[in-house]
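Thanks for coming. I have one structure to go through this morning, and I will keep to what can be computed from the coordinates.

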Amino acid sequence: MPHATTRSAPLLRTRAIGAGHLRAFLAVARHLNFRVAADELALTQSAMSRQIQSLEDEVGVPLFLRHSRAVELTGAGAQLLHAVQPALDSIDATVRQIRQTVGRKSVAITTWASFAAMWLIPRLEAFQRAWPDIDIRIDTGDAVVDLETTDVDLAIRYSRDVTDAAAQALFGEELVVVASPALLKNGPPLRQPADAAYYTLIETGDVHRMPQLEWLSWQRWFAAKGCDQLQPPRWLYFNYAHQIVQAALAGQGLAIARLPLVADALAAGHLVQVLPEHRLASPLAYWLLVGPRSQQRPEVQAFCQWLMAEAKKTSASMIDPENP
């Protein structure tokens, strides 16, 4: 009895495919016609066919069914089209953006979201009026960006100190208890620190995750005032400083805020400083760092000079933020 023959399983390809044929694939998939696709890319029809055949060889399966008068995507072709179309659209959009910015002056800043939202962005209009030909890009996040290896020009950081000897201090800070005028009007009187426990207290939900966040905790504030056994009727937690201040603005409770970030809201009367004689000093400060490859660019120097001038105004307003 003859031995039954077994068909060996096809070898699965593991090497990543080259990207060079994907635009040809997209053109054929869009038109389902090799001649029209070739015309679009200024290729001969035979060159287009060779590119598609090479791509199919790399993928390991047919991507098109070739009929005598029509072309049809296979299931694998449709699956690849689903991935290729948005990827090439994104690449093309990025390239257009890069080309449009060639020759334009720009400054890229990295900082964290709350500082950008509460301090930097509200002031940017003044800089843009003075320097209308300079584009600004703000990248926000908690990760520390390496200014030597990225295309970011400036970093604004928040810490006790920085290791970079060229860092410039923008301003220090104090911590203040704030509330909306409406909340204070309708709530119990606040004459001493213990009275804060009659209100909903707002703070960051991950207050113990980083040392600098612990300075913003109500536990530390109550301990400093000798009433650390108190508990409020309820707590309200958020992840970011600007969310905490927004909740306070909405009258949802008392918040401990960083004075430099709420000085404008206090001056405008949107927030009220509660128990102003009970501010807490903070060891943290705000720092400006300039990337080594950006220091000599005039647009970066102009932005730094403007930023330092704005920082000086903030330092002055912190003396009495409600009467600047």
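A word on conventions. This is a predicted model, so local features need pLDDT of at least 70 and side-chain atom pairs count only at pLDDT 80 or more, while totals for chains, interfaces and linings use all residues. Residues are numbered from 1 along each chain as its sequence is written, and side-chain values use heavy atoms, with hydrogens and water left out.

The protein chain has 11 helices and 11 strands. Those are DSSP runs, numbered from the N terminus, with at least four residues of H or I for a helix and at least two of E for a strand. Of the 324 residues, 38% are buried. Buried means under 20% relative accessible area, exposed means over 50%, and partly exposed is in between, with a 1.4 Å probe and protein chains only. A contact is heavy atoms within 4.5 Å. Among contacts between residues at least 6 apart in sequence, 76% join residues at least 24 apart.

Next, strand 6. Which strands does strand 6 join through bridges? Strands count as paired if DSSP finds at least two bridges between them. Strand 6 has six bridges to strand 11 (residues 280-290), running antiparallel, and Leu175 has Leu280 as its bridge partner there. Four bridges join strand 6 to strand 9 (residues 254-258), also antiparallel, where Val177 is partnered by Ile256.

Now the rings. A pair here means rings of Phe, Tyr or Trp (its six-membered ring) with centres within 6.5 Å; planes under 30 degrees apart are stacked, over 60 edge-to-face, and the rest tilted. The whole structure contains 18 aromatic pairs. One of them is Trp119 with Phe171, tilted, at 5.6 Å centre to centre and 55° between the planes. Trp119 sits in helix 5 (residues 113-130) and Phe171 in strand 6 (residues 168-179), 52 residues apart, so this pair links distant parts of the chain. Trp119 is buried, at a relative accessible area of 0%, and Phe171 is buried at 4%. Phe127 and Phe303 make an edge-to-face pair, because their planes stand at 75°, with the centres 5.0 Å apart. Phe127 is in helix 5 and Phe303 in helix 11 (residues 298-317), 176 residues apart. Phe127 is buried at 0% relative accessibility, and Phe303 is buried at 0% too. Trp119 and Phe171 also belong to one aromatic cluster with Trp112, Phe115, Tyr158 and Tyr286.

Val262 lies in helix 10 (residues 259-267) and is buried, with a relative accessible area of 1%. Val176 is 86 residues away in sequence and 9.2 Å away in space, C-alpha to C-alpha. Beyond four places in sequence, the contacts of Val262 include Met118, Val176 and Leu271.

Last, Glu203, in strand 7 (residues 201-204). The side chain of Glu203 does reach the backbone nitrogen of Trp218, at 2.9 Å. Trp218 is also among the residues that Glu203 touches, including Trp235, Tyr237 and Phe238.

Conventions: A polar contact is a pair of N or O atoms within 3.5 Å; within protein, one must be able to donate a hydrogen and the other to accept it, and residues adjacent in sequence count only if both atoms are side-chain atoms.
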